[in-house]
Amino acid sequence: NETLKPDDQPTENNIIIGNVWPDNKTAFPDFFRDSTKQWWTEEIRLFYELLKFDALWIDMNEVANFDTNQYSDKLYCPPNQWDDPPYETMAAHTGPTNRLSDKTICMVAKFGEKNDERLNYEVHNLYGYSQSIVTQDGKYTGHWLGDNFSNWKNMADSIIGMMEFNMFGMPYIGADICGFVLNTTEELCERWMEIGAFYPFSRNHNVKDAIDQDPGVWPDTVAASGRKALNIRYRLLPYLYTLFYDSHTTGSTVVRPLYHEFSQDRKARSIDKQFMWGPALLISPVLQEGKVSVDVYIPEDVWYDYYTGIRVTVLGSTTLSAPRDHINLHLRGGYILPAQKPDLNTMLSRQNNFELLVPLNDQNSASGKMFWDDGESVNTIEDGLYQINKFELSNNVLTITVEKESASSWPGIVQKLDTIEFMGWPSPPL
């Protein structure tokens with residue numbers, strides 16, 4: 001908390017000190033050091049002995065640091081080529097002095113082991129990730145896209161953020177539904193609840209100074225439309241859960257851009273207003289105020305309307321009807337999606353019977369799989385406490401096989417498969 005000389009960094013006993021939510025000082029652990037990782041893991045263990053938590057929320061690790069450079073005698077970073085690069089960036093324009101270190105840690109702060117130190121300038125975007133890695137030793141880690149604004153552009157930009165973080169290897173991702181900063185509107189919140197139902201990490205969240213945006217504030221619009229979309233999410237949780245299994249074991253994406261599935265389609269490469277769950281579900285939200293239709297791009301393939309099961313006849317660029325309570329969803333032919341009857345929460349949904357959605361391709365065939373475990377335990381894959389069912393439709397015969405037998409200590413799936421919904425069959429199947 002003193003004016004720094006050019007070679008200094010704001011530390012006390014080699015710990016970086018700043019100002020975040022506490023009224024006093026905030027320390028920033030160096031998660032690039034092995035000793036810090038050991039300390040953090042032990043802190044999690046000790047805290048769990050006091051309070052049996054289900055998850056940990058890590059906040060402000062962008063890394064945020066209030067008031068940097070605002071005062072000459074407090075949290076001031078010395079002039080240097082890293083905090084004051086010879087070019088302007090958008091990041092610098094978020095702070096009071098247009099320095100890269102505004103509202104964060106000095107760029108010349110050092111991280112890592114003594115024999116392998118890195119400037120914050122080099123590892124800044126990895127700070128939160130480094131904390132997530134060591135936290136994951138105790139619990140799973142997800143991410144949210146930061147303090148967004150309650151406007152239509154930020155809602156649209158969330159699609160790009162989701163796709164990017166899936167490519168970064170962080171598939172459990174989402175934005176603050178209805179926006180965090182500023183007041184939302186009824187229409188914006190309604191549309192955001194619809195798209196937000198298909199964020200891998202789905203939560204409505206806003207700053208305390210804004211108006212209430214709980215869906216119940218608008219029971220006939222936001223709540224009704226949100227319930228409709230969330231029931232679809234809950235129904236498709238077995239499919240989403242299986243995508244996460246694939247991501248965990250192979251590194252594949254959960255949310256992905258269209259061009260990941262249609263890499264030779266030049267038009268698909270520029271689409272950032274639609275996204276997919278895995279290879280089989282196309283999601284096309286309304287992202288503009290006052291619109292009751294949406295311009296979409298449907299790649300060359302066999303597609304079915306999720307709601308009606310009717311095959312799409314117009315491919316490429318087209319316009320679809322999109323009333324306020326409707327988000328356009330399409331299923332891709334040739335894929336079998338496991339589903340489950342939705343309920344009030346995930347625990348109750350998991351106890352309901354299973355369904356299969358079977359949109360056929362032009363060869364009247366389709367395939368898919370479902371990963372399943374107890375939904376609670378850690379390391380079920382490593383311990384073999386899971387089951388994989390494969391589905392194959394060929395020559396008018398649907399075959400279900402167990403590819404991975406669960407360990408004897410876990411009973412496996414006990415719910416029944418009671419509904420199979422075929423799409424595109426020329427006549428009722430036997």
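The lining of the second largest pocket in this predicted model divides into 17 nonpolar, four polar and two charged residues. In total, 23 residues line the second largest pocket, and those nearest its centre are P29, W40, I58, D59 and Q131. The space within the second largest pocket amounts to about 460 Å³. Three elements, β3 (26-28), α1 and α3, each supply at least two residues of this lining. Helix α1 gives the most, with four residues.

**Helix packing**

Two packed helices are described by the angle between their axes and the distance between the axes.

| Helix pair | Axis distance | Angle |
|---|---|---|
| α1 (residues 34-50) and α3 (residues 127-135) | within 9 Å | roughly 55° |
| α5 (residues 186-196) and α6 (residues 222-235) | within 8 Å | roughly 5° |
| α4 (residues 152-167) and α5 | 11 Å | about 5° |

Helices α1 and α3, both of which contribute to the lining of the second largest pocket, have axes that cross at roughly 55°. That angle makes α1 oblique to α3. The crossing of α1 past α3 is right-handed. By class, three nonpolar, three polar and one charged residues form the contact of α1 with α3.

Helix α5 takes part in two of the tabulated pairs, with α6 and with α4. How are α5 and α6 oriented to each other? The axes of α5 and α6 cross at roughly 5°, and these helices are therefore roughly parallel to each other. On the α5 side, the residues that meet α6 are E186, C189, E190, M193, E194 and G196; on the α6 side they are V222, S225, G226, A229, L230 and R233. The contact of α5 with α6 comprises five nonpolar, three polar and four charged residues.

The pair of α4 and α5 packs at an angle of about 5°, and α4 and α5 are therefore also roughly parallel to each other. W152, N154, M155, S158 and I159 of α4 make this contact with E187, L188, R191, W192 and I195 of α5. Six nonpolar, two polar and two charged residues make up the contact of α4 with α5.

The phi of D67 is near 70°, a positive value in a residue other than glycine.

Key: Residues numbered from 1 in each chain as written. Predicted model: local features only at pLDDT ≥ 70, side-chain atom pairs only at ≥ 80, totals over all residues. Heavy atoms only, no water. Axes fitted to C-alpha atoms, helices over the stretch in contact; angles between N-to-C directions. Parallel < 35°, antiparallel > 145°, perpendicular 65-115°, else oblique. Left-handed = near helix turned anticlockwise from the far one by under 90°. Nonpolar A, V, L, I, M, F, W, Y, C, P; charged D, E, K, R; others polar. 1 Å grid on protein atoms, 1.4 Å probe; cavity = no way out; pocket = protein on both sides within 12 Å on 5 of 7 lines; lining within 4 Å. Points joined across faces, edges and corners; volume = space filled by probe spheres on them. Contact = heavy atoms within 4.5 Å.
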